[in-house]
Amino acid sequence: MAVTDLVRPDLRFHASWAAAVREFGKDGTTMHGSGLWELDTRDLGRAALATEVERLLAQSHPATELPDGIVRCTYYWIVEGEEFVGYLALRHELNDFLLEEGGHIGYSIRPSRRRQGHAGRAVKLGLAEARDLGLDRVLITCDEDNVASRRTIETNGGVYEDTRGIKRRYWVDLAPA
Ligand SMILES: CC(C)(COP(=O)(O)OP(=O)(O)OC[C@H]1O[C@@H](n2cnc3c(N)ncnc32)[C@H](O)[C@@H]1OP(=O)(O)O)[C@@H](O)C(=O)NCCC(=O)NCCS
């Protein structure tokens with residue numbers, strides 16, 4: 001069975017990361033949880049990635065000043081061995097938008113590695129990281145019609161609260177039993 005790990009973004013995954021970005025482009029799905037809002041997908045070279053990795057790592061660091069509307073966030077890459085398979089973002093707090101729609105945790109798996117259980121296992125690992133961060137409950141949301149994401153949340157203990165717009169909102173209780 002595939003093994004899923006969470007690691008911090010790292011240049012050593014450059015080749016499989018670049019292949020994954022091209023796949024997302026062809027597939028048309030968004031790289032949720034990547035934090036790569038401004039990535040120019042025409043340049044997926046090592047230097048471009050190095051700049052992005054530095055920015056992503058800085059966003060979790062207490063000394064980094066964040067732009068208005070951006071909360072502190074730890075970015076992880078979901079990997080299997082030395083291969084990049086996806087993204088997971090753990091936001092340390094919620095602002096108004098995240099409380100309504102975005103939630104604490106966002107994630108995506110590269111199209112060719114879906115349906116192999118990576119998202120389910122990665123979210124489980126992400127919840128353990130959230131607990132270590134001191135969060136006692138975590139909000140995770142998905143689009144009403146996103147069956148795979150909905151299953152991912154529900155199998156990880158998400159308790160449905162409500163739907164706002166097209167977003168189903170779930171809370172996962174992290175308090176020790
Ligand atoms: C949603 C997403 C992360 C799921 O990743 P994945 O690695 O394929 O998910 P898993 O293999 O862990 O499967 C999770 C569950 O969804 C089910 N599932 C996966 N793909 C499915 C599909 N296309 N249709 C129906 N069910 C599906 C699996 O059977 C599994 O259910 P189970 O726990 O009952 O067995 C992936 O489809 C993706 O990256 N989508 C685009 C980005 C996105 O939507 N991110 C989530 C934002 S809220």
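**Close-up views of the ligand site**

**View 1. Residues around the ligand.** The ligand is surrounded by 21 residues, of which the closest are Ile109, Arg115, Gly117, Asn146 and Arg151; a residue is counted if one of its heavy atoms lies within 4 Å of the molecule. This is a predicted model, in which local features need pLDDT of at least 70 and side-chain atom pairs count only at pLDDT 80 or more, while totals for chains, interfaces and linings use all residues. Residues are numbered from 1 along each chain as its sequence is written, and side-chain values use heavy atoms, with hydrogens and water left out.

View 2. The pairs shown are N or O atoms within 3.5 Å. A polar backbone atom of Tyr107 is 2.8 Å from a nitrogen atom of the ligand. Oxygen of the ligand also lies 2.7 Å from a polar backbone atom of Arg115, and an oxygen atom of the ligand is 2.7 Å from a polar side-chain atom of Asn146.

**View 3. Elements of the shell.** Two or more residues of the shell around the ligand come from each of β4 (105-109), α4 (118-133), β5 (137-143) and α5 (147-155); helices (H or I, at least four residues) and strands (E, at least two) are DSSP runs, numbered from the N terminus. With six residues, α5 gives the most to this shell.

Note on methods. A polar contact is a pair of N or O atoms within 3.5 Å; within protein, one must be able to donate a hydrogen and the other to accept it, and residues adjacent in sequence count only if both atoms are side-chain atoms.
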